[in-house]
Amino acid sequence: MAVALLANGHPIGIIFAAILFSALQIGGLSISVYSTTPTEIVNIVIASIIFFVGVRFLFEQLLNHGLLKKHALMKERLEK
């Protein structure tokens, strides 16, 4: 699901997003071999990617439905 969210449902994007997530997972397994960095840092990076893509999607939905525009118009009316 995270791969499809990152790719925005585009078939070619899903391939690249899957490669990104698999590289992060495999790199996370080998990071503990070469350094003292914990492997959980990969989970934090993946969670951050999912969070920011989700926030972008939320803002796009709000803009498409005009909720932010209505809020801006109300704010302008109150300032006058």
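How many aromatic pairs does a search of the whole structure find? The search finds 1 aromatic pair. Select Phe51 and Phe52: the ring centres are 5.3 Å apart and the planes stand at 70°, so the pair is edge-to-face, the cut-off for that class being over 60 degrees. Phe51 and Phe52 are both exposed.

Before going further, colour the chain by pLDDT, since this is a predicted model. The chain has a mean pLDDT of 84, with 95% of its residues at 70 or more. Helix H2, residues 11-34, has the highest confidence, at 89, whereas helix H4, residues 67-79, has the lowest, at a mean of 72. Where pLDDT is low, predicted coordinates should not be read in detail.

Next, select Asn8, in the loop that lies between helix H1 (2-7) and H2. The phi of Asn8 is near 60°, a positive value in a residue that is not glycine. Most residues other than glycine have a negative phi. Asn8 has a relative accessibility of 55% and therefore counts as exposed.

Now display H2 together with helix H3, residues 40-65. Their axes come within 9 Å and cross at roughly 160°, which means that H2 is roughly antiparallel to H3. The crossing of H2 past H3 is right-handed.

Finally, show the side chains where these two helices meet. On H2, select Leu20, Phe21, Leu24, Gln25, Gly28 and Ile31. These residues meet Ile41, Val42, Asn43, Val45, Ile46, Ile49 and Ile50 in H3.

Notes:
Residues are numbered from 1 along each chain as its sequence is written. This is a predicted model: local features need pLDDT of at least 70, side-chain atom pairs count only at pLDDT 80 or more; totals for chains, interfaces and linings use all residues. Side-chain values use heavy atoms; hydrogens and water are left out. Rings of Phe, Tyr and Trp (its six-membered ring) pair if their centres lie within 6.5 Å; planes under 30 degrees apart count as stacked, over 60 as edge-to-face and the rest as tilted. Buried means under 20% relative accessible area, exposed over 50%, partly exposed in between (1.4 Å probe, protein chains only). pLDDT is the predictor's confidence in each residue, from 0 to 100. Helices (H or I, at least four residues) and strands (E, at least two) are DSSP runs, numbered from the N terminus. Axes are lines fitted to C-alpha atoms, for helices over the stretch in contact, and angles run from 0 to 180 degrees between N-to-C directions. Angles under 35 degrees count as roughly parallel, over 145 as roughly antiparallel, 65 to 115 as roughly perpendicular and the rest as oblique. A crossing is left-handed if the near helix is turned anticlockwise from the far one by less than a right angle, and right-handed if clockwise. Contact means heavy atoms within 4.5 Å.
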